[in-house]
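Subject: Handover of a structure

Dear colleague,

Please find the structure below, together with its sequence.

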Amino acid sequence: MMKFKKVFVYCFRISLILISLCFLLLFLVIPLFVVFFNAFSQGLPVYIGNISRKETVESILLTLKILIIVLPVNTIFGIACAWYITRYTFRGKKVLLTFLDLPFTVSPVVAGTIFIFLFSINGLLGILVEKWEVQIIFAFPGMVIATLFVTFPFVARELIPIMEEQGQEMEEAGRMLGANVWQILLKITLPNIRWALFYGMVLCAARCVGEFGAVSVVSGHIRGKTITIPLEVEILYNEYNLVGAFCVASLLCLVGLISLIFRKWIEKRDPVYLYIKTHKYGD
Amino acid sequence: MKGILKKKSILPGYGLSLGITWLYLSFIVLLPLSTLFIKVGSGSFNDFISAVFSLRAIKAYQVSFGLSFISACINSLFGFLIAWVIVRYKIPFKGFWDTLIDLPFALPTAVAGITLTWLYGPQGWIGSFLEANGIKIVFTPMGITIAMIFVSFPFAIRTIEPVLRDLDPEIEESARCLGASRWKIFQKIIFPTVLPSLLTGFTLCFARSMGEYGSVIFIAGNQPLKTEIAPLLIVMRLEEYDYYGSASIALFLLLVSFVLLFCLNFLQFWNKRYTGI
């Protein structure tokens with residue numbers, strides 16, 4: 001009887017492991033493999049040819065241009081916001097923290113749509129558009145602003161738990177010794193949070209490069225002008241150029257994989273970071 | 001609290017960080033969101049109701065909410081299972097799996113969309129096999145569900161995993177010593193502890209699946225009344241120059257997101273109360 005029970009428990013355990021591995025294989029490994037399999041299905045020369053097509057290069061350049069604006073802006077906001085939230089007590093902190101969750105629960109399409117209304121003729125900022133005659137929606141500025149919305153909390157959300165955990169004794173000591181705000185920031189805070197900051201920026205950049213829904217709504221799909229890398233994937237796919245679509249997709253996939261590897265690497269370098277990440281996830 | 005607005009802190013930069021934070025948030029979040037309310041407010045209440053609850057919109061909500069609910073259920077189940085296996089058992093290549101689990105967050109949604117469509121389509125490895133057996137996945141609600149599962153399942157694993165890891169083995173040991181069976185321990189100790197984070201994971205999965213656009217539109221087929229999701233309907237209304245209809249549905253989805261955010265905050269509060277994490 002006892003032996004039977006032991007065998008049963010063992011079999012139960014093995015089947016649980018097998019079920020989860022099957023799920024992970026089905027939803028992680030196979031899709032990842034599919035991307036690279038299709039991208040290289042016609043050999044390396046075709047792959048290189050697809051990557052170096054004029055439209056693809058243009059889309060990469062446009063995405064990089066958006067990234068160059070979005071990343072610094074959201075990093076500065078992230079540092080300021082994390083400093084504000086973790087170093088002072090004030091009313092409405094809960095509300096502010098809820099705002100930081102907003103892009104995670106709001107559909108990217110809704111995010112794109114609200115900017116269309118904001119800059120339409122009757123919208124709140126429509127007057128500015130008319131007065132200065134700048135094209136914002138269906139043009140570069142609109143895409144930048146939509147990407148800003150979708151990626152704004154990434155840096156702040158990485159920094160807040162780690163700055164909370166580290167406390168502010170060091171900064172207070174610096175202040176007592178007469179350091180000003182920039183000295184405290186550059187010599188104490190930033191070196192302490194550098195890995196979290198770095199990872200937040202990686203996440204922000206990865207999302208910025210890969211964002212589809214919000215950018216798709218405000219881009220207007222003008223060939224050669226407002227096509228980012230994910231939109232280029234969509235266009236190629238809809239033109240039934242499957243291999244081409246997967247070639248460009250493999251670039252995006254690579255960006256995603258790099259961000260995952262960065263995370264692992266940072267966790268290894270900074271055990272405190274790992275501890276906080278695993279204990280405060282979703283906070 | 002000493003002051004109404006701030007506790008006295010000797011650290012400088014209060015005004016600066018407050019200024020940057022609220023200025024940026026007003027421009028990037030508050031102002032755009034208020035535009036949506038203004039746009040919808042420009043019509044009468046009946047206009048709003050008829051735009052939000054038109055037949056096509058109701059069908060789209062049924063597809064979006066119904067399938068999000070199903071995928072969130074599946075994700076909670078498998079999320080719990082996988083988190084359990086990762087925390088409790090020795091599995092081969094644990095570090096590899098642990099890194100790769102976040103792939104759906106890192107993979108751009110358009111890439112996920114075309115990959116799943118190919119994989120489950122007639123030429124794909126899984127799709128060709130299933131189609132030979134008479135099961136069609138691409139361009140059906142089942143395809144949408146698979147895309148939703150793919151984009152959101154790490155949420156379930158990552159919210160449950162830390163709670164399972166922090167579960168004190170002594171509690172289970174003492175229950176065992178007092179004669180509880182394995183099932184009883186699971187039922188009375190493990191499950192109640194994990195429940196708040198299980199629900200958090202469920203809500204996150206639901207919210208993500210509901211708003212998901214990029215990965216779903218490729219696999220959905222986008223047939224009105226059948227496989228059209230709510231976010232796509234917003235885009236459709238925009239393309240039909242029905243701005244009011246588009247704004248109304250967007251506002252409706254936004255309000256649902258707010259409700260979900262409220263649920264998340266409540267769950268977090270509940271979780272803190274019972275586990276202290």
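In chain A, the residues A:Ile229, A:Pro230, A:Glu232, A:Val233, A:Leu236 and A:Tyr237 of α13(A) meet A:Leu242, A:Gly244, A:Ala245, A:Val248, A:Ala249, A:Leu251 and A:Leu252 of α14(A). Two residues are in contact if their C-beta atoms, placed from the backbone, lie within 7 Å. By class, this contact of α13(A) with α14(A) has eleven nonpolar, one polar and one charged residues. Ala, Val, Leu, Ile, Met, Phe, Trp, Tyr, Cys and Pro count as nonpolar, Asp, Glu, Lys and Arg as charged, and the others, Gly among them, as polar.

This is a predicted model, in which local features need pLDDT of at least 70 and side-chain atom pairs count only at pLDDT 80 or more, while totals for chains, interfaces and linings use all residues. Residues are numbered from 1 along each chain as its sequence is written, and chains are lettered from A and ligands numbered from 1 in the order in which they are written.

Helix α13 of chain A covers residues 229–238 and helix α14 of chain A covers residues 242–269; helices are DSSP runs (H or I, at least four residues) and strands likewise (E, at least two), numbered from the N terminus. The two helices pack at an angle of about 165°, with their axes 8 Å apart. α13(A) is therefore roughly antiparallel to α14(A), a term for angles over 145 degrees. Axes are lines fitted to C-alpha atoms, for helices over the stretch in contact, and angles run from 0 to 180 degrees between N-to-C directions.

The domain assignment of chain A gives domain 1 (1–39) and domain 2 (43–279). The C-alpha centres of these two domains of chain A lie 35 Å apart. Four residues of domain 1 of chain A are in contact with eight residues of domain 2 of chain A.

Between the chains, 75 residues of chain B are in contact with 74 residues of chain A. On the side of chain B that touches chain A, the largest share, 17 residues, comes from helix α1 (residues 14–41) of chain B. That side of chain B has 54 nonpolar, 15 polar and six charged residues.

Chain B itself has 13 helices and zero strands. Its C-alpha atoms fill a box of roughly 70 × 70 × 35 Å, taken along the principal axes.

Yours sincerely

Key:
Angles under 35 degrees count as roughly parallel, over 145 as roughly antiparallel, 65 to 115 as roughly perpendicular and the rest as oblique. Domain bounds come from an automatic or database domain assignment.
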